[in-house]
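User: Hey, can you walk me through this one? Keep it simple, please.

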Amino acid sequence: MDFEYHSGKFPVHPKPFEGRFPPPPHRNEPMSFGFTGGPPTQYGHTTLVYLIGVVSSLLFAISGRLQNVEKEKVKSELAFLKAQINPHFLFNTLNSIYALALKKDDKTADAVVQLSELMRYIMTNSNDEVIELSKEINYINNFISLQKTRLGNTVNVDYNVTGNTFGKVITPLILISFIENAFKHGVNPDQTSEICIKIDIEDEMLTLYVSNKKTFSIQSDSGIGLHNTIERLKLVYPNKHHLKIEDSAEKYIVNLSVKIR
């Protein structure tokens, strides 16, 4: 260690801060505090990449978790809605057959067979996410046939299906509530009623048109079937359907377009 000597040749302690800091810059030399304007060091670059990777992984995990939660929510809501729709439909159809039985109509036995076919379809396919469109159309055919059996000549039903159903699928029981609603509120036993039902399939688009003249009905109706179908459409076909309902004093008209697969 170097020492500084005075003229008296006595050793003295080194200056307390000497050698611990770099010498001050020259007058024209800019001050530097350890940061430069040049490119980052390799260590800083590696740290930045690591942090980006950690944040990206966290965001991906959170996004996946939210998607799973949303899927479970949709499944739960659909299960709840289906549980309400099926008993609702069964109740209305049994009322129809009961009316036949009271009149001791010979068609009562046929109506029971038709109902069994309808219930078999519900029990077998209603929990599927999608079903062949041809099977859903056949289910609607059976339902309308059952209603014609019950109502006889008191209602004129203009029912027509156009287009090709081959290779196409649809969510089961997504159309029937609109058709059922027409028979429930568009039929008056004291006068001839008219119901129009049109189903058109073109490429990936299915269009349903249902219209009925409003009649006075003593049936109590909470609207649960129709309401639940509208909610199911929102859940199953978000941004893939368009529903327009015209509810006037004389008519009830439904125009539904659904993008199917």
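Analyst: Arg120 and Glu117 both lie in helix α2 (residues 108-125), three residues apart, about one turn of the helix. Helices (H or I, at least four residues) and strands (E, at least two) are DSSP runs, numbered from the N terminus. Heads up, this is a predicted model: local features need pLDDT of at least 70, side-chain atom pairs count only at pLDDT 80 or more, and totals for chains, interfaces and linings use all residues. Residues are numbered from 1 along each chain as its sequence is written, and side-chain values use heavy atoms, with hydrogens and water left out.

User: What do the side chains of Arg120 and Glu117 do?

Analyst: They meet in a salt bridge, 2.9 Å from N to O. That term means a side-chain nitrogen of Lys or Arg within 4 Å of a carboxyl oxygen of Asp or Glu.

User: And why does three residues apart work in a helix?

Analyst: An α-helix has 3.6 residues a turn, so residues three or four places apart point the same way.

User: How many salt bridges in the whole structure?

Analyst: Five. One of them joins Lys198 and Asp158, with the closest N and O atoms 3.2 Å apart. That pair links distant parts of the chain, since Lys198 is in strand β6 and Asp158 in strand β4, 40 residues apart.

User: Switching topic: what order do the strands of the open sheet have?

Analyst: The five run β4-β6-β7-β9-β8, with mixed pairing. The edge strands, β4 (155-162) and β8 (241-247), each pair on one side only. Two strands pair if DSSP finds at least two bridges between them.

User: How many bridges join β6 to β7?

Analyst: Eight, and the two strands run antiparallel. Glu202 stands opposite Met205 in β7.

User: Which strands does helix α3 lie across?

Analyst: Helix α3 (residues 133-151) lies across β4, β6 and β7, at about 170° to β4. Axes are lines fitted to C-alpha atoms, for helices over the stretch in contact (heavy atoms within 4.5 Å), and angles run from 0 to 180 degrees between N-to-C directions.

User: Which residues are buried in α3?

Analyst: Quite a list, including Leu133, Ile137, Phe143 and Leu151. Just after α3, Gly152 takes a positive phi of about 60°.

Conventions. Buried means under 20% relative accessible area, exposed over 50%, partly exposed in between (1.4 Å probe, protein chains only).
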